[in-house]
Amino acid sequence: MRTLGIIGGLGPMATAYFLQLLIQMSDAKTDQEHMDTLIYSMPSIPDRTRYIIGESDKNPVPQMVYCGKKLKETGADIIAIPCITAHYFHEELEDKIGLPIINAIDETALCLEEEKINRVGIMATDGTIKSELFQKTLEKRGIEVILPDAENQKKVMHIIYNEVKAGKNVDMARFYQISDELSGKGAEAVLLACTELSLIKRDFCIKEGYLDVMEVLARKAVQCCNHLREEYHSLI
C-alpha cells in the first residue's frame, strides 16, 4: 500500500475527522490492514479565503509547501489536503512539493456524474466561490451550478467561521435556510464544499441530498492507498 501524507490543521477538527473517515472507509479487519498515514498539522498556516479575496497579504502557500516537503521526506507517496479552499493552489503546490495531490474538485465532478446529478447547489467559503473552483470544473462537464444569494452566502461564512471554527453550536435553522434556497432554485443535490461543513453532516442527522466533499476526498484517498468498503461506493 502507498503511504498517504496529509497537510492538516486547516482547520484542526476537520483534519481529525478526515482521519476518522479514512479509517471508517477502509475495508480493513485488523490494525495492519489500515493504510500508513503521515499527518503534518499546521493550524498557523494563514487563512486561505482571506488571501484569495484580497483581505490579507499573507500567502499560505510557502507553509503548505513546507508541510508537503516534510511529508515527502518522511515517506509519503501521495498527498491529501482536507481543506477545500486550499485547492485553489493545487497546481502550484503539486509542482513545488513534487508529489501527486488528490484533487477533491475533480473527484467531486466525477462523483456527481456517477450519480447523474445535473444541477448542484454549493455551500462553501467566499474564497472557494469567488475563485470559481467548482463552477469552472462542473460547468465543463455540463453540470449547472447554483449559488446562494448574497445574504445566504454571508450566513454560510458565519456558520463556517463564527460557529464551527469557533467551536460553537451550529444554528441548524440557518443551515437549512441556505440549503432550502438552493433546492428551491432547482439543485438536485447540495455540495458541502468546505471541510467545516462536513462536521455538520457528522454531528447532525441531515436529510438526504447532500454530497460531502471531504467524504469524496477521503474515498479517493482510500482507493489510492487501500481497499474501500462497499457501502462507500455511493456518497449521496
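**View 1. Leucine 99 and its neighbours.** Leucine 99 touches Lys72, Ala76, Asp77, Ile79 and Glu94, leaving aside residues up to four places away in sequence. A contact here means heavy atoms within 4.5 Å. Leucine 99 sits in the loop between H4 and H5; helices (H or I, at least four residues) and strands (E, at least two) are DSSP runs, numbered from the N terminus. With 10% relative accessibility, leucine 99 counts as buried. The scale is simple: buried is under 20% relative accessible area, exposed is over 50%, and partly exposed is in between, using a 1.4 Å probe and protein chains only. Now look along the chain to alanine 109: leucine 99 and alanine 109 are 10 residues apart in sequence, and their C-alpha atoms are 22 Å apart in space.

Before you go on, a note on what you are looking at. This is a predicted model, in which local features need pLDDT of at least 70 and side-chain atom pairs count only at pLDDT 80 or more, while totals for chains, interfaces and linings use all residues. Residues are numbered from 1 along each chain as its sequence is written, and side-chain values use heavy atoms, with hydrogens and water left out.

**View 2. The whole chain, for orientation.** How many helices and strands does the chain have? The secondary structure comes to 11 helices and seven strands. The radius of gyration is 17 Å, close to the 18 Å that the globule rule gives for 236 residues, so the chain is as compact as a globular protein of that length. That radius is taken over C-alpha atoms, and the globule rule is 2.2 Å times the number of residues to the power 0.38. Along its principal axes, the C-alpha trace spans about 45 × 45 × 35 Å. Of the 236 residues, 54% count as buried. Among contacts with a separation of 6 or more, 74% come from residues 24 or more positions apart.

View 3. The mean positions of the 27 positive and 36 negative charges are 3 Å apart. Lys and Arg count as positive and Asp and Glu as negative, while His and the chain ends are not counted. Each charge is placed at NZ of Lys, CZ of Arg, CG of Asp or CD of Glu.

View 4. Is the peptide bond from leucine 10 to glycine 11 cis or trans? The bond is cis, with omega near 5 degrees. Glycine 11 lies in the loop between strand S1 (4-8) and helix H1 (12-25). Threonine 15 is found in helix H1 and, at 5% relative accessibility, counts as buried. Not counting residues up to four places away in sequence, threonine 15 touches Ile6, Gly8, Gly9, Leu10, Ile39 and Pro82.

**View 5. Two residues with a positive phi.** Most residues other than glycine have a negative phi, and most peptide bonds are trans. Lysine 116 has a positive phi of about 60 degrees although it is not a glycine. You will find lysine 116 in the loop between helix H5 (104-114) and strand S4 (119-123), where its relative accessible area of 67% makes it exposed. Glutamate 132 also has a positive phi, near 60 degrees. Glutamate 132 lies in the loop between helix H6 (126-130) and helix H7 (133-140), and is partly exposed at 38%.

View 6. A pair of aromatic rings is described by the distance of the centres and the angle of the planes. Rings of Phe, Tyr and Trp (its six-membered ring) pair if their centres lie within 6.5 Å; planes under 30 degrees apart count as stacked, over 60 as edge-to-face and the rest as tilted. By this rule there are five aromatic pairs. In one of them, tyrosine 51 and phenylalanine 89 have ring centres 6.2 Å apart and planes at 40 degrees, so the pair is tilted. Tyrosine 51 lies in helix H2 (residues 48-52) and phenylalanine 89 in the loop between strand S3 (78-80) and helix H4 (90-97), so the pair ties together parts that are 38 residues apart in sequence. The rings of tyrosine 88 and phenylalanine 89 have centres 5.0 Å apart and planes at 90 degrees, so this pair is edge-to-face. Ring pairs link Tyr51, Tyr88 and Phe89 into a cluster.
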